Each structure stands twice: as C-alpha cells, then as structure tokens.
There are 2 protein chains.
Amino acid sequence: MRIILVGWGVVGQSFAKIVTYRKKELAEMYGFCPRIVAIVDQKGAVLNTKGLDIEQMLFLKNEKGTISACNKDGHPYMSALEVIESVEAEVIVEVTPTNIETAEPGLSYIKNAFRTGKHVVTTNKGPLALALPALTELADHNNVYLRFSGTVGAGTPILEFAKKCLQGDKINSVRGILNGTTNYILSEMDKKNITFNVALKAAQKLGFAEADPTMDVDGYDAAAKLVIMANWIMEKKVTIKDVKIEGIRDVSSKDLEEAKKKDCTIKLIGSINENLKVEPMQISKHDPLAVDGALNAVTYVSESAGEQTIIGLGAGGMETASAVLRDILDIKQNIANKMME
Amino acid sequence: MRIILVGWGVVGQSFAKIVTYRKKELAEMYGFCPRIVAIVDQKGAVLNTKGLDIEQMLFLKNEKGTISACNKDGHPYMSALEVIESVEAEVIVEVTPTNIETAEPGLSYIKNAFRTGKHVVTTNKGPLALALPALTELADHNNVYLRFSGTVGAGTPILEFAKKCLQGDKINSVRGILNGTTNYILSEMDKKNITFNVALKAAQKLGFAEADPTMDVDGYDAAAKLVIMANWIMEKKVTIKDVKIEGIRDVSSKDLEEAKKKDCTIKLIGSINENLKVEPMQISKHDPLAVDGALNAVTYVSESAGEQTIIGLGAGGMETASAVLRDILDIKQNIANKMME
C-alpha cells in the first residue's frame, strides 16, 4: 500500500516510525506492507516510488530543517497539492495543523485526494468540524474512504468503540470531556483553589496550554470533536455552527467551592442529545467522567448495554499515530471486503 | 439463523425479548433474521422449527413454571443434551448458571454443540475458566465459533474493545476491577467506615451479594474473568489454576484508613502481566480504575496507544443479553467473510 504523508511534524514522524520499526509484525499479522512514497513538509517534498528511507528523513528534518533537502529525491518548494495530484498512491495521511476558521490548507488537500481517487486518513479537526457532511458525500461519490480516529481522543479509540463494540445496539446520547487542556486547568483550580487566570498561566508554562489558548479554553476544540462524533456515530449531519459553545473562562473559584459542597466538581462537558452543547457543568466526583489532569473521557448511553465510559490520554504524537495506523488497517480491510463482494 | 436457547432465566429471556422487539431493525441493519427453534429450561424443552412464539414462552414460564408445558410444542423432561444433539440449528446460546468447580452441565452442552457442528455463544464462566484453551481447540477442530462477550463486564464490551479497537497495536498488560459485588462492598467499607462483615451483610440484604458469597468475595469470579481475558486477548493458554487468588475477607477498616491517608483506596484488582493475579490493592483515588459501587473497570496498557480504561456495569440481564446479540452478529459476519474467501 502506497502512502503519501502530508505533514512531517510529531504525528507524521511517529507514524513513519511505527510502520518502519514494526514492519515485520504488521506484515505477518495484517498482511500490511506500507510504502511511504512521498512526504511533504512546509518547505517542499521528497518522492520515491520504491519507498522512502525513514531514518534518513528523520535525520534530514533534524539537520537541514526540511526533508526536501534530500539530494537524491528532494523537491524543494514542491507543494502538497502538487504531490497529491501527481504522485500515485492509495492513501493520503493528512497530519497538518488544525485551522478551525477556514479549515485550510487541510480541506483542499482532502478534497484533492478524493478527486484523484485516494483514501484519506486525517488527524486534522478543521476540515471535519466545518465540512464533515460534505466531505463524507464527496468520499462516497469518489468511492474512497475517509477516516479520522486520531481527531477524537488521540490514541484512545473513542470513535471505534462506538462503531465496533456496540453492534446491534443503539447509542442514544453521548457526554464527555473532550479537551485535555481545559480538564487540566479545571482540575488544578479545584485541587489548589486557584483562579482560572493563575491556572491558565501555569498550564502555559508547563506546555499544556498554548500561548493563544482560545481553541481550548473557549470550547472550540471540544466542539469540533463533538461534531465529528455526532456525524460519525449518530449520523447527524451537523457542523460546528450547530454547537452551542461556552468555554471555561467564567468558571470562578466560588463556582468550584459550591460544587465541592455537593461532592461535585466542574468539568467542560460536550454532550449530544437532541442538541449539541459544550459547557462547564457540575458533575459528581464519583461519576466515571470525573477524571483528573489531561485525560479525556466519554460516556455512551446505549439502549441495551447501558452506560459505558472510555478514558484515556487525549493527546500525544505516538498515540495519535497509532490511531492513524488503525485507520489505514480499517481501510485495507474494507477494500478487501469490497473486492470479495 | 436458527438458534437453540439453553437456559430460560433472566439473560435468556432478555435475549429473546431483544431479538423479538427489535426484529425489523436487526433485519434492516444487519440482515439478521434469527429464529429461536428450541428453548430448554430445567424441566424440559419446547421445539418448533418455524420459530417459537416468544410472548407465549414468557407467559408459560410465569404461569406454569416451565416452557415445556406448551401444549403444542412442549417436551417435558427432554434434556438440553438431547435437544442440542437432535435439533438442527446454527447457534447454541448457552446461558445456564456458572459452576466453577466442575463447569457442568455447561461444559457438556458446549462440547456437544461443537461435535454437532453448532456455533456457541455462552455467558457461562465455568467452562471457560476451567477449560478455555481446550474449548478453543475443539471449536477450531469442528470449524465452529465460540464467543463469550457477556462473561466479562456483562454488557460492557471489555473483550471486544481489546480485539476490535486496538488493531495494529499490542496490549502489554491488563488490570481491572472485574467483580461488582466486591467493589460494592469495598466502596461501602471505605465510604461508611464499616467492617467487611457489616458491609457484606448489607450487600446480601440488598441483593448485591449472594447467600453464599464465596464466588465473589474470595476472588473466584474475578479470576474466572481474568482467565477469559488472558486467553482471548493475550493468547495465553491458561486456566483458573494458573491464577494467584486472594479475596477481600481480610481487608480491614485499618487497611482502608491507611490507604486514605495516601489519597488511596483499596480495590480487588485482577492483573495480567507475566503472571495472573487477583488481590486487594491500594490504588490512587484519582486512578480511572477507582470506580465506586457495582461498576466494573478495566485498564489496558498498550504499546503505542497508551493506557485506556473502560468502565460500565458488570451485571444485568438486558445488558448481558445485548452482549449475546453482539456475539451472534460477530459470528454471522465471520461466516459471511469465510464464505467469500
């Protein structure tokens, strides 16, 4: 299976490492023999139809700042769109940063991959939050698959759990903590009796929150994930515009004190019922969702099997890369099933 | 698909209800058209090749104490073994009570089902705890499937999560709370500062613990589940004899007080590393495993995706029945894939 890797950051590199170091195992257990035939970073591309040498690519990025500096196969300034349109491959792994306002450039990459008959695995929430219903249609129309397990819960298989573990059952509602940064901030506020601003600054210092924390603390990241879940799991055709969003900036020490009196705490909860909402809510400290630190947690309420909660880290390069691998194996299996029909 | 139901208790009845009430949905979504052609209870059997009337069977059990009292199709005193051997069907649903000492009569039912070419879905831990490696071989030899999702976590898809959600990854170790009764007792001891005996008696009064609580409080039930997980998920060929088992009878109020000082609590933890163990252990109150009440919780430690915890009710008729349905759908899909090969 030939793969084009668009984005050579932590997730892209981790993915390339997994498939390289676990080559033998993946071939034996899944008959999966990936060949990364192109990589694109911000300064250019590197192409080799026989498969690129991953060790060398990791070295080049470290030493020269771009994989396009490769003497033999490098193409400085070659754009991702050019690569997607001109290089033959079965799958595009799109791991560029999320842009929640325009979804670009990821959105164009995905659309062009579809148009040239390539399956897409992405970890980019932007295109999905803004246009998932349209992208699903476009994929169907072009007879290709779109997968995005790494966008929700990083390595924690939150989407797969709903799709694969509850066959014959029906998920009626969902609620969850979908953003690790805000959960870390709220946990610290609760534990140390500090204000939002103090907790945010500490989180930024430790690298848990970004310099511009809007995406996280104002609830947009959680809302994007909620949109992905609503489309994929509950077949709702929604985008981020359909989510009522409230962040955690206004959560006060007093709010947390009030909650504590009832053996509760405050968490930023995303929920899917008739409506989609992201908002700070009081929940019992004994609720399985009441996880601390940077964890993510989701509770599915299903018709027959009852309530189930999945908890795991919501971030991490290697973890997210393992979700990309799962998605590609899923696509491989779907193709095989289809061929046999 | 023709089904023989061995056992007409809460799980058997719940399963029959699900497939009856959700008939249309199951046919549309999964092409699944089940026909229950035989039911066996402790007093006899009822047979009908065209499929039994489930409403009538529920009524008969309530009014006459046995389904074999059916005028038209009833066979009083007909044994389960006779039915399994003589009635044509694709799947046996074996939902008789667990016997951890001899595994009977469930073990004979399963073996005879295999010998007559029938797939088996069971919720009975006895045969699996004592003989899972042998049963797996026997199923393979007879070219049939054995499934048992409901034995671990009832409706919570703990086994499926490991099998279906972590493709391409590798589970290195497992730890979990696999018994709701002991977790309820330990939670009460911790919360109310009461002794084991007081908490046990309260649990018995509320129906959370049985009159003879050995299976639960001495750790055998958790050990049986651990054996099932080790075989199914980690391909270890073990039986309950390979588990080091310690129950919760010796957990004292003082132990819990000591734990509390460290912001910890005591839980009955089953773990799979090099060895299999069930023992009371101190864990942090902030560990996702530290669930209260009758919940079950399992943490998988995988190579790439990190630690993931699944939490849900570990008991319940409808919940367990939903696991039986999932298993049958899984078998159906496996048969379909095999036919296309």
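Author: B:Glu279 and B:Lys244 form a salt bridge in which the closest N and O atoms are 3.8 Å apart; the term requires a side-chain nitrogen of Lys or Arg within 4 Å of a carboxyl oxygen of Asp or Glu. B:Glu279 belongs to strand 11 (residues 276-284) of chain B and B:Lys244 to strand 9 (residues 243-245) of chain B, so the pair ties together parts that are 35 residues apart in sequence. Helices (H or I, at least four residues) and strands (E, at least two) are DSSP runs numbered from the N terminus. B:Glu279 is buried at 17% relative accessible area, whereas B:Lys244 is partly exposed at 48%. Here buried means under 20% relative accessible area, exposed over 50% and partly exposed in between, with a 1.4 Å probe and protein chains only.

This is a predicted model, in which local features need pLDDT of at least 70 and side-chain atom pairs count only at pLDDT 80 or more, while totals for chains, interfaces and linings use all residues. Residues are numbered from 1 along each chain as its sequence is written, chains are lettered from A and ligands numbered from 1 in the order in which they are written, and side-chain values use heavy atoms, with hydrogens and water left out.

A search over all chains finds 40 salt bridges. One of them joins B:Lys61 to B:Asp41, at 3.4 Å from N to O. This pair links distant parts of the chain, 20 residues apart, with B:Lys61 in helix 3 (residues 54-64) of chain B and B:Asp41 in strand 2 (residues 35-41) of chain B. B:Lys61 is partly exposed at 24%, and B:Asp41 is buried at 9%.

B:Asp190 and B:Lys260 also meet in a salt bridge, at 3.9 Å from N to O. B:Asp190 lies in helix 8 (residues 180-192) of chain B and B:Lys260 in helix 12 (residues 253-261) of chain B, so the pair ties together parts that are 70 residues apart in sequence. B:Asp190 counts as buried at 12%, and B:Lys260 as partly exposed at 32%. In chain A, a network of salt bridges links A:Arg2, A:Glu88 and A:Glu90.

The interface of chain A and chain B presents another picture, for the rule finds zero salt bridges across it. It does find 14 residue pairs in polar contact, both residues at pLDDT 80 or more. A polar contact is a pair of N or O atoms within 3.5 Å; within protein, one must be able to donate a hydrogen and the other to accept it, and residues adjacent in sequence count only if both atoms are side-chain atoms. Helix 2 (23-30), helix 7 (158-164), strand 13 and helix 13 (317-340) of chain A each supply at least two residues of the side of chain A that touches chain B. Helix 13 of chain A gives the most, with nine residues.

Strand 13 of chain A also pairs antiparallel with strand 13 (residues 306-313) of chain B over five bridges, pairing requiring that DSSP find at least two bridges between two strands. Within this pairing, A:Gln308 has B:Gly312 as its bridge partner. On the chain A side, A:Gln308 is likewise the bridge partner of A:Tyr300, and eight bridges join strand 12 of chain A to strand 13 (residues 306-313) of chain A in the antiparallel sense.
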